[in-house]
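Me: I have a model open and want to go through its side-chain contacts. Can you take my questions one at a time?

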Amino acid sequence: MEFMLVSSRLLILIIALSSPLALASNTTNQSFNQAKKQLLSVYQDHRETLYCGAVFDAKGQVISPPGFTTKTHLARAKKIEWEHVVPAENFGKAFIEWRDGHGQCVDSKGKSFKGRKCAEKMNIEYRYMQADMHNLFPAIGAVNALRSNYNFALLPSAKSDFGACDMRIEGSKAQPPEAARGRIARSYLYMNQSYPKYSMSKSQRQLMSAWDKQYPVNVQECQRAKKIAAIQLNDNEIVKSRCQQANIW
């Protein structure tokens with residue numbers, strides 16, 4: 001069994017090296033920290049956050065956009081964080097290590113743990129999903145913190161939690177600014193297509209399909225997808241197909 005597992009991983013690596021963009025999902029990098037470092041190079045020519053369009057420098061320091069305000073997480077508002085557009089918990093709960101823990105998930109005091117920390121320690125498939133750069137976007141830390149693991153929805157009666165940045169959080173739901181909705185939708189559709197462990201609800205699928213159509217790709221989104229594909233060795237096929245249709249691939 002162990003030999004078969006090693007052989008299958010070797011086969012995946014050979015396929016990746018011989019046909020760089022043949023893979024449907026991330027199978028080349030299982031380190032979230034490495035992914036964050038690589039993303040800084042992906043964004044070096046267009047450093048702008050997903051939700052609020054805030055500019056940031058090479059060290060991740062945020063230049064607060066005009067009219068942006070926050071009442072919470074003030075320290076985190078000064079730097080970007082790499083946001084899982086599809087929250088890690090949304091796909092993490094599909095793994096038994098996240099839900100129930102594992103015999104090897106024990107801390108230095110002998111206390112068992114589960115959740116993200118255990119899934120990250122014990123399950124390579126989870127680590128690949130967590131480190132998938134197609135699902136990671138820069139966000140002002142305070143926005144990332146308040147968005148938490150909430151799913152997206154339309155919240156017409158809610159007010160912005162960040163001043164001129166129209167990011168609304170209410171009742172464990174989040175409504176992003178219109179400028180972010182297309183990229184969000186295509187990230188959700190990509191994760192749903194690429195990873196059997198993740199499946200959107202019917203209502204979430206309907207919303208993301210609508211946003212995908214209402215908010216088309218632009219040059220920056222297409223260039224981002226190409227740069228990530230060159231590093232991670234797999235395309236976001238959803239973005240790629242939209243860019244090809246728009247003749248900007």
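**Salt bridges, rings and backbone**

Me: How many salt bridges does the structure hold?
Reply: The structure holds nine salt bridges. Keep in mind that this is a predicted model.

Me: Arg-147, then. Which residue does Arg-147 form a salt bridge with?
Reply: Glu-83, and the closest N and O atoms are 3.0 Å apart. The pair links distant parts of the chain, with Arg-147 in helix H7 (residues 141-147) and Glu-83 in strand S3 (residues 80-84), 64 residues apart.

Me: Is Arg-147 buried or exposed?
Reply: Arg-147 is buried, because its relative accessible area is 0%, and buried means under 20%. Glu-83 is buried too, at 2%.

Me: Switching to rings. How many aromatic pairs are there?
Reply: The count comes to nine aromatic pairs. One of them is Tyr-51 with Phe-152, whose ring centres are 6.4 Å apart.

Me: Why is the Tyr-51 and Phe-152 pair called tilted?
Reply: Because the ring planes are at 50°. Planes under 30 degrees apart would count as stacked and over 60 as edge-to-face, so the rest are tilted.

Me: Where do Tyr-51 and Phe-152 lie in the chain?
Reply: Tyr-51 is in the loop between helix H2 (32-42) and strand S1 (55-56), while Phe-152 is in strand S5 (residues 151-152). Tyr-51 is buried at 4% relative accessible area, and Phe-152 is buried at 2%.

Me: What is the geometry of Tyr-190 and Tyr-195?
Reply: The planes of Tyr-190 and Tyr-195 are at 90°, so that pair is edge-to-face, and the ring centres are 6.5 Å apart. Tyr-190 is buried at 0% relative accessibility. Tyr-195 is buried as well, with 4%.

Me: Which residues form one aromatic cluster with Trp-98?
Reply: Phe-91, Phe-95 and Tyr-126 are in that cluster with Trp-98. Phe-95 also has the charged end of Lys-197 over its ring, 5.0 Å from the centre.

Me: What lies over the face of Phe-137?
Reply: Arg-224, at 3.6 Å from the ring centre.

Me: Last topic, backbone. What is phi at Ser-172?
Reply: Phi of Ser-172 is near 65°, a positive value in a residue other than glycine. Ser-172 sits in the loop between strand S6 (168-170) and strand S7 (173-175). Its relative accessibility is 45%, so Ser-172 counts as partly exposed.

Me: And Asn-247, where does that lie?
Reply: Asn-247 lies in the segment after helix H11 (237-245). Asn-247 is not a glycine either, yet has a positive phi of about 60°.

Me: Is Asn-247 buried or exposed?
Reply: Asn-247 is exposed, because its relative accessible area is 71% and the cut-off for exposed is over 50%.

Definitions and conventions: Residues numbered from 1 in each chain as written. Predicted model: local features only at pLDDT ≥ 70, side-chain atom pairs only at ≥ 80, totals over all residues. Heavy atoms only, no water. Helix = DSSP H or I, 4+ residues; strand = E, 2+ residues; numbered from the N terminus. Buried < 20%, exposed > 50% of the residue type's maximum accessible area, 1.4 Å probe, protein only. Phe/Tyr/Trp six-rings, centres within 6.5 Å; stacked < 30°, edge-to-face > 60°. Lys NZ or Arg CZ within 6 Å of the ring centre and 35° of its normal. Salt bridge = Lys/Arg side-chain N within 4 Å of Asp/Glu carboxyl O.
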